[in-house]
Amino acid sequence: MNIGEGKYIKLLFITRQNFLHNDRSGGYKLSQNIFQSLKENDGIEVSLCILDINGCKISKKNGTGQVKIISIKDKPIKRNLSYLLGGSGYSFYENMALRTVIRTSDADIIWFDGTWFGRHIREVSNLQKTVVFCHNIEKIFAMDRILTTKKITAVPRFVSDWVNERAVIKRADRVICLNERDDLLLNRNYGRRSDEILPIMLRDAYAKCRSVENRTNEILFVGSSFYPNIEGIRWFCKNIMPYVECKLDIVGNGMESIRDELESEKVRIVGTVDSLQYYYDKADLVVLPLFSGGGMKVKTAEAMMYGKRILASDEALEGYQIEGMKDIIRCNTASEFIHEINYMMKRSEISKFSEENRKLFLESYSTASAKKKIYKLLGELMDEKN
């Protein structure tokens with residue numbers, strides 16, 4: 001079935017990422033871009049259901065079609081008790097609100113944005129088809145959180161993620177993963193391969209700046225106050241910054257929380273900003289020292305989008321096809337980062353803008369490159385449904 005050629009799909013998009021309220025973190029941006037890609041096809045009528053921990057109130061007429069907001073009251077005792085009972089951190093009434101949305105939906109396809117909906121996928125009618133998009137393999141991600149933070153409070157979340165992920169993967173008609181690593185982990189943990197691998201996609205937000213070529217002897221780290229980001233940048237500030245001839249800007253939602261700990265003469269904590277372009281434009285290169293997490297890192301594609309030279313760990317490059325790319329360099333040790341940064345700082349003739357990285361983004365990681373896969377998958381589901 002070719003969507004848009006007289007054939008129409010009603011689709012319900014269910015997510016915990018309120019990208020209408022906050023689009024600064026990588027996960028939110030990815031969810032937003034998938035949703036917008038679905039809406040941009042005239043053959044798909046998309047409605048949106050958000051489980052919003054911020055309690056954000058918006059009008060249903062917000063340029064996004066039909067919108068249902070279920071406000072989640074985040075109380076730690078309630079949340080952890082729900083986790084231990086195999087729930088997703090929601091109260092009885094919050095769960096019932098989502099079940100009602102699903103039971104009363106006339107959608108042909110229900111898209112679950114994440115694997116946290118094991119209890120709720122059981123409410124889907126046999127006449128409807130389901131798609132589950134895996135941001136990570138949450139069971140593995142939750143275990144990494146326990147090992148990294150060493151907090152007993154992370155255990156209930158692990159129980160919840162495992163139980164819900166197992167249920168939703170078992171029942172889904174189609175499962176999408178971000179990369180081959182997650183596909184293998186999915187099979188190893190749940191005995192199922194993904195039906196489609198859909199790499200990170202970003203809407204192109206780059207606008208060429210006049211000062212893009214001016215060298216500043218500044219490097220940039222972009223990431224929200226998410227524990228893998230904080231873990232990585234703490235390591236970087238301690239082990240690399242004392243030995244390099246440059247300054248570092250740390251930009252990202254909530255990063256103000258580590259200002260007292262990390263800010264110094266050579267390190268500036270910028271924190272939350274409305275626009276990232278200024279910081280990408282003035283940086284000589286972008287560093288991505290990430291050593292834990294899952295899925296694919298949105299900030300890697302974002303740095304490519306802005307045409308930046310990149311020094312990144314294996315984890316930051318997971319899922320990206322970068323073989324032969326001279327402006328994306330793998331660095332996994334302090335000595336590797338130090339060597340590459342100091343080399344760049346001493347070579348003033350090297351442009352800080354990479355046409356090669358910009359081209360790779362446009363060809364492989366922009367929304368335009370991902371839409372065909374999404375529309376093909378939905379068309380196949382509708383053929384099965386009919």
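Throughout these views, buried means under 20% relative accessible area, exposed over 50% and partly exposed in between, with a 1.4 Å probe and protein chains only. This is a predicted model, where local features need pLDDT of at least 70, side-chain atom pairs count only at pLDDT 80 or more, and totals for chains, interfaces and linings use all residues. Residues are numbered from 1 along each chain as its sequence is written, and side-chain values use heavy atoms, leaving out hydrogens and water.

**View 1. Pro 156 sits in helix H5 (residues 155–171).** Helices (H or I, at least four residues) and strands (E, at least two) are DSSP runs, numbered from the N terminus. Pro 156 has a relative accessible area of 9%, so it counts as buried. Setting aside neighbours within four places in sequence, Pro 156 touches Asn 80, Tyr 83 and Leu 84 (contact means heavy atoms within 4.5 Å). Asp 249 is another story: 93 residues along the chain from Pro 156, with 35 Å between the C-alpha atoms.

**View 2. Here's the open sheet: seven strands, paired in parallel, in the order S3-S2-S1-S4-S5-S6-S7.** Two strands pair if DSSP finds at least two bridges between them. Strand S3 (66–71) and strand S7 (196–197) are the edges, each pairing on one side only. Helix H1 (residues 26–39) packs on the sheet, touching strand S1 (9–15), S2, strand S4 (109–113) and strand S5 (129–133), and its direction makes about 170 degrees with that of S1. Axes are lines fitted to C-alpha atoms, for helices over the stretch in contact, and angles run from 0 to 180 degrees between N-to-C directions. Helix H14 (residues 367–385) lies across S1, S2, S4, S5, strand S6 (174–177) and S7, at about 150 degrees to S5.

**View 3. Zooming in on the sheet, six bridges join strand S2 (residues 44–52) to S3 in parallel.** Look for Ile 50, whose bridge partner in S3 is Ile 69.

**View 4. Tyr 206 and Tyr 306 make an edge-to-face pair, because their planes are at 80 degrees, with ring centres 6.0 Å apart.** Rings of Phe, Tyr and Trp (its six-membered ring) pair if their centres lie within 6.5 Å; planes under 30 degrees apart count as stacked, over 60 as edge-to-face and the rest as tilted. Tyr 206 is in the loop between S7 and strand S8 (218–222) and Tyr 306 in the loop between helix H10 (298–305) and strand S12 (310–312), so the pair ties together parts 100 residues apart in sequence. Tyr 206 is buried at 14% relative accessible area, and Tyr 306 is buried at 6%.
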